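The sequence and the structure come first, and the comments follow.

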Amino acid sequence: MRHLMSPLDFTVEELDKLLDLANDIEAHPDKYAHACDGKKLATLFYEPSTRTRLSHEAAMLNLGGSILGFSSADSSSAAKGESVSDTIRMVSCYADICAMRHPKEGAPMVACRHSSIPVINAGDGGHQHPTQTLTDLLTIRSLKGRLGNLTIGLCGDLKFGRTVHSLIHALVRYENVRFVLISPEELRLPSYIRKDVLDKNNIPYKEVINLEEAMPELDLLYMTRVQKERFFNEEDYVRMKDFYILDAAKMSLAKEDMLVLHPLPRVNEISVELDKDPRAAYFKQVQYGVYVRMALILTLLEIEV
C-alpha cells in the first residue's frame, strides 16, 4: 500500500506514467467512468479549501466512486480533542482511500503511519502540497510539451507557500531547469530549501524583488497569493498583501508563449483583465487538477483500466 506525502514519493518514471494516465483520462473520460464503482474517498479537511477538496471529490465521482468526510475541524471530532491517529483509524473502517488537509506540518504523515488505507497529503501547513504539484506538472507538460529546459519565475509568498516548496522539489529532477525567485525580503524562500534542494542539486537560481525585471526571461510565471492565515499579525499581512500585482502592463514585458500559473485562490495579485490573455493558464490548471487526481486515486488503489 502506498501513500502520497510528497511529490518525491514518485520517481520521475512513475510521475511520467501518472501524467500519461491523466492525459488518457482527459482524452477518454468514458473509459474510466466506472473504474471506482463501489469505492469510497474520505476527505478530511481540517482547514478551509475549495479547489483541493472539491477536485478530489469530483475526481472520485468521475470514476464512479462515492465520497464522505468533513470540510473543517469544527465539524469533526477534532473539536472534541480526537487525535489525527484515532481519526484515521476510524475513517479506515469507512473508506478505501483518504485525502487529508491539516494546518500542522506532518499531520498527514502521522495519519499514514496509523492508516490501513492510502492517504493523500492535500496540504500540511506551509510544508507540502503534492497534489497541487502533480496538477502543476501536468499543466506545464500539457501546455509546454516538456518539464525540462525551462526558466521558471516563482513570485509572491515563497516563505510560507507550500505549493512553491513542493514544485521546486519536483522540478529539480528535470534537466536544465532554472528558477527566478521573486519576493520581498520578508517572504524569501526558506534557507533550508535554497541550501538542501537548489544548492545541493546545483540548480541555477537568482533572487530578485522586482517583478518587471524578471519578466522578459521567463518561460513560466507561477504567481502566489500572500497568505493571511500564515501571518501572526494583521499589520504585516496588510503591508505585504499587494506587493505584487500582475497586470497587462507587466505582461507586455513577457514572452509571447510564457504561461501564467497560480494555485488559486487569487486575491489581488493577478488582475482580472488578464483572464482573457491566452497565456493565462490558471483556470486550465484547475481542470488538469481533476484529471491528475483521478489518475492518482487509480494509482494508489492499484486499479487498472
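1. How many of the 19 residues of H11 are buried? The coordinates come from a predicted model, in which local features need pLDDT of at least 70 and side-chain atom pairs count only at pLDDT 80 or more, while totals for chains, interfaces and linings use all residues. Residues are numbered from 1 along each chain as its sequence is written, and side-chain values use heavy atoms, with hydrogens and water left out.

2. In H11, 14 of the 19 residues are buried, so this helix is largely enclosed by the rest of the structure. Buried here means under 20% relative accessible area, exposed means over 50%, and partly exposed lies in between, with a 1.4 Å probe and protein chains only. Helices (H or I, at least four residues) and strands (E, at least two) are DSSP runs, numbered from the N terminus. The end C-alpha atoms of H11 are 26 Å apart, which agrees with the 27 Å that its 19 residues should span at 1.5 Å a residue; the expected span is 1.5 Å times one less than the number of residues. After H11 comes Glu302, with a positive phi near 55 degrees.

3. The whole structure holds 3 cavities of 30 Å³ or more, and the largest cavity contains about 80 Å³ of space. A cavity is a set of points, on a 1 Å grid over the protein atoms alone, where a 1.4 Å probe fits but cannot get out, and lining residues have an atom within 4 Å of a point. Grid points are joined across faces, edges and corners, and the volume is the space filled by probe spheres set on the points.

4. The lining of the largest cavity includes Arg51, Gln132, His262, Tyr282 and Arg293. Helix H2 (51-62), helix H5 (130-144) and helix H11 (282-300) are the elements that give two or more residues to this lining, and H11 provides the largest share, 5 residues. By class there are 3 nonpolar, 6 polar and 2 charged residues in the lining, where Ala, Val, Leu, Ile, Met, Phe, Trp, Tyr, Cys and Pro count as nonpolar, Asp, Glu, Lys and Arg as charged, and the others, Gly among them, as polar.

5. E4 is mostly covered, 6 of its 6 residues being buried.

6. A further open sheet contains 5 strands in the order E7-E6-E5-E8-E9, and its pairing is parallel. Its edges are strand E7 (205-208) and strand E9 (259-261), each with a single partner strand, so one side of each is left without a neighbour in the sheet. Here the twist averages 20 degrees from one strand to the next. Strand E6 (residues 177-182) pairs with E7 over 4 parallel bridges, and Ile182 is opposite Val208 in E7.

7. Some backbone geometry deserves a look, as most residues other than glycine have a negative phi, and most peptide bonds are trans. The Leu264 to Pro265 peptide bond is cis, with omega near 5 degrees, and Pro265 belongs to the loop between E9 and H11. Asn149 has a positive phi near 55 degrees; this residue sits in the loop between H5 and strand E5 (150-155) and is partly exposed, at 45% relative accessible area. Asn176 also has a positive phi, near 55 degrees; its place is the loop between helix H6 (162-171) and E6, where Asn176 is exposed, with a relative accessible area of 57%.

Note on methods:
1 Å grid on protein atoms, 1.4 Å probe; cavity = no way out; pocket = protein on both sides within 12 Å on 5 of 7 lines; lining within 4 Å. Pairing = 2+ DSSP bridges. Axes fitted to C-alpha atoms, helices over the stretch in contact; angles between N-to-C directions.
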